Amino acid sequence: MSQTCGFVAIVGRPNVGKSTLMNRILGQKISITSRRPQTTRHQVMGIKTVEETQFIYVDTPGMHIMSKDRNKAINRFMNQAATQALRDVDCVVFIIDRTRWTDEDQAVLKRLEHVKAPVILAVNKVDRLNEKGDLLPWLAEVGARREFAAVVPISAKHGTQVETLEQEVAKYLPESVHFFPEDQVTDKSLRFMAAELVREKVMRQLGDELPYQMTVEIEEFRETERVTHISALILVERQGQKVILIGENGDRIKSIGREARLDMERALGTKVMLNLWVKVKRGWSDDERALKSLGYDLD
């Protein structure tokens with residue numbers, strides 16, 4: 001039997017469940033998640049090999065409309081990263097949230113006009129619909145907005161119909177040798193994943209209190225036979241944000257570190273010694289040179 005292999009971009013507006021879907025497909029956490037929009041900032045590749053078929057999924061930042069509070073260099077980077085992922089893919093999965101259609105959904109649809117690859121529409125979170133009878137008319141309505149290769153209602157969180165979605169995707173993967181070993185699940189380094197896990201815990205604990213002017217840089221990642229030593233620097237833009245992040249008597253930063261360390265130990269399969277530091281770096285999120293130095297680089 002001949003092998004098939006192809007790239008699949010997962011796109012949509014912020015907070016529709018793109019990362020949750022990819023983690024569900026892979027059966028493990030590759031992309032971090034939170035209830036806050038724009039948790040994903042980079043293209044994150046997830047690789048799934050099933051016998052002769054290799055899926056290479058690309059999770060992308062949420063495509064969003066630039067506005068007064070979303071007009072920084074990091075916002076431009078995220079939109080560019082999501083758009084770049086559409087180049088040369090074999091299939092696109094466009095995710096929307098239940099029966100809601102927003103201006104940002106429309107903006108994503110507009111960006112897909114010139115994409116030559118087949119586009120599958122995944123209607124997510126259908127388990128949370130109050131009126132199940134609304135689903136079929138909505139699928140017909142939204143399916144008429146363009147010529148989709150398929151329209152699949154799913155629940156990424158619970159796995160409902162995700163296998164059906166994968167079967168639809170598989171139809172459009174070309175004959176090709178596999179690009180990655182069958183046991184590889186991502187192109188990202190453990191160092192990158194460690195930084196993302198710290199950022200996830202910050203966003204989950206402080207999503208409403210701490211604005212998005214926060215990022216994480218790994219200063220040390222040293223593996224020994226029994227313990228992995230990791231030092232992570234959390235960058236914020238104002239002194240007040242640093243105070244919130246550390247918390248009273250350092251309680252908040254200790255809690256973030258504890259949760260991140262447990263996830264790291266599960267991912268690495270070793271004990272982890274994690275040290276966290278918080279530093280103020282004013283204006284980093286709107287400074288393209290600073291963004292590049294922190295790993296926000298499309299090259």
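What follows is a walk through this predicted model, from the whole chain down to a single histidine. Residues are numbered from 1 along each chain as its sequence is written, and side-chain values use heavy atoms, with hydrogens and water left out. Because the model is predicted, local features need pLDDT of at least 70 and side-chain atom pairs count only at pLDDT 80 or more, while totals for chains, interfaces and linings use all residues.

Let's begin with the chain as a whole. The protein chain has 9 helices and 9 strands; helices here are DSSP runs of H or I with at least four residues, strands are runs of E with at least two, and both are numbered from the N terminus. Of its 299 residues, 51% count as buried, meaning under 20% relative accessible area with a 1.4 Å probe, protein chains only (over 50% is exposed, and in between is partly exposed). Take the contacts with a separation of 6 or more, and 71% of them join residues 24 or more positions apart; a contact means heavy atoms within 4.5 Å.

Six strands form an open sheet with mixed pairing, in the order 2-3-1-4-5-6, where two strands pair if DSSP finds at least two bridges between them. Strand 2 (44–50) and strand 6 (150–153) are at the edges with a single partner strand each, so one side of each has no neighbour in the sheet. On average, neighbouring strands are turned by 20° against each other, direction ignored. Further in, strand 4 (residues 91–97) and strand 5 (residues 119–124) run parallel over 6 bridges, and isoleucine 96 has valine 123 of strand 5 as its bridge partner.

Helix 5 (162–170) lies across strands 1, 2, 3, 4, 5 and 6, at about 105° to strand 3 (53–59). Angles like this run from 0 to 180 degrees between N-to-C directions, with axes fitted to C-alpha atoms, for helices over the stretch in contact.

Helix 5 also packs against helix 1 (residues 18–26), at an angle of about 85° and with the axes 11 Å apart. The two are therefore roughly perpendicular, a label for angles of 65 to 115 degrees (under 35 is roughly parallel, over 145 roughly antiparallel, the rest oblique). Leu21, Arg24 and Ile25 of helix 1 meet Val162, Leu165 and Glu166 of helix 5. That gives 4 nonpolar, no polar and 2 charged residues; Ala, Val, Leu, Ile, Met, Phe, Trp, Tyr, Cys and Pro count as nonpolar, Asp, Glu, Lys and Arg as charged, and the others, Gly among them, as polar.

How enclosed is helix 1? Largely, because 7 of its 9 residues are buried. Among them are Lys18, Asn23 and Leu26, and the cover over the buried residues includes strand 1, strand 2, strand 3, strand 4 and helix 5.

The axes of helix 7 (residues 239–246) and helix 8 (residues 251–268) come within 5 Å and cross at roughly 65°, which makes helix 7 roughly perpendicular to helix 8. Ile244, Leu245 and Ile246 of helix 7 meet Asp251, Arg252, Ile253 and Ile256 of helix 8.

Last stop: histidine 178, in the loop between helix 5 and helix 6 (190–206). A polar atom of its side chain lies 2.9 Å from the backbone oxygen of glutamate 52. Leaving out residues up to four places away in sequence, histidine 178 touches several residues, including Gln3, Cys5, Thr49 and Glu52.

Note on methods: A polar contact is a pair of N or O atoms within 3.5 Å; within protein, one must be able to donate a hydrogen and the other to accept it, and residues adjacent in sequence count only if both atoms are side-chain atoms.
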